[in-house]
Every structure is written in structure tokens, then in C-alpha cells.
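Good morning, and thank you for coming.

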Amino acid sequence: MAARRDAKGRAFSSRTLSAAVDALPGEHPSVSHAAIAKLAKGSQDNPTVGTILALCEALGGVPPAHLLPHNTYGNLKALEAFEDPQVRRALALLNGMPPGEVQNFIADLEQRRDDLGLKPVPDDEADTSPDKPQRRRSMDDAARYAADALEGL
């Protein structure tokens, strides 16, 4: 919920995400803010596929794997890239290549991105280091976090 913003540009809370699910067009399950809070805390597990898909849609098209508990599924940018069939083809071609060749390919891509004036992509391994300081919340985010905590998030 913190990785996406609601219609007002704020991080989702359990209440705003529940409202966003209810506002989705077409048929979909309703998800209460209490259920979302329990899912987020991990005190409730095994949601239905329909619930997962509705939450993903309400969060702006997040890939369903991002909501699953797995250490590599937390990288939202990589999961979104994986949605592209050409990216999946490139990964399939890289699979089984010697490690040195994969490193050469990565270096070539980084150089190409630089040549095109694109922002560098942070190294996923560097982002997960235990030494990395925890992100500080803005005053508004801290207030919303506190309000959500009081609501049972």
C-alpha cells in the first residue's frame, strides 16, 4: 500500500484501499478495511484469487506476485517489467548463460541506458542490504500511519 498512491496522491490506508476496491467497475469482491488490515499485518492469510485481483487493480495494476510473501516479489519495478513479453524473452535468453556473460550483458544494458539518457536502475541487491537506514516518514505520512494504527492496521 505504501508503494502506490490513491487518487489524492497519498499512500493507501486500509480504508482508502477498501474504498478503491468498492469503486472498481464491474463485478469484483468487496474487501473490508478490516480484512485489508489483517492481510497487511499477516494475521489473515489465504485470500481468494478474486480478492487478490481486486486489490491489485485498485492499487493501479500491481502484478499479483507483489502481494505474495516472497523475498524477490518485493521489487515492484522488476515485477512490472516482467509483465512485458519482450522482457520475459530477454530473461529466457539469459537463463543458462555463464555468469560472466550475464555480467557483460548487464554492463552493456547499463551503458545503453546511459547513452539514451535514461536513469540508472538501482542494483536490487544493494537495496536490500541490512545496513541501509530505514526510510523516515514525512509528517503527513507519520500522521496517516498513526491514524491507521489506531484503526487496527
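Let me begin with a definition: helices (H or I, at least four residues) and strands (E, at least two) are DSSP runs, numbered from the N terminus. This is a predicted model, in which local features need pLDDT of at least 70, side-chain atom pairs count only at pLDDT 80 or more, and totals for chains, interfaces and linings use all residues. Residues are numbered from 1 along each chain as its sequence is written, and side-chain values use heavy atoms, with hydrogens and water left out.

I turn to helix α3, which spans residues 49-58 and contains Thr51. Is Thr51 buried or exposed? Its relative accessibility is 12%, so Thr51 counts as buried; the term buried means under 20% relative accessible area, exposed over 50%, and partly exposed in between, with a 1.4 Å probe and protein chains only. Which residues does Thr51 touch, apart from its neighbours within four places in sequence? They are Pro29, Val31 and Leu39, where contact means heavy atoms within 4.5 Å. Just after α3, Gly60 adopts a positive phi of about 90 degrees.

Next, the charged side chains. How many salt bridges does the structure hold? It holds 1, a salt bridge being a side-chain nitrogen of Lys or Arg within 4 Å of a carboxyl oxygen of Asp or Glu. The partners are Arg4 and Glu80, whose closest N and O atoms are 2.2 Å apart. Arg4 lies in the segment before α1 (14-22) and Glu80 in helix α4 (residues 76-82), so the pair ties together parts that are 76 residues apart in sequence. Glu80 counts as partly exposed because its relative accessibility is 33%.

Helix α6 covers residues 99-115 and includes Phe105. With 33% relative accessibility, Phe105 counts as partly exposed.

Finally, a word on confidence. The predictor's confidence in each residue, from 0 to 100, is called pLDDT. Its mean over the chain is 80, and 80% of the residues reach 70 or more. Among the elements of the chain, α6 has the highest mean pLDDT (93) and helix α7 (residues 124-127) the lowest (51). Over residues 126-135 the pLDDT is below 50, and this stretch has 3 contacts in the model beyond near neighbours in sequence. Where pLDDT is low, the predicted coordinates should not be read in detail.
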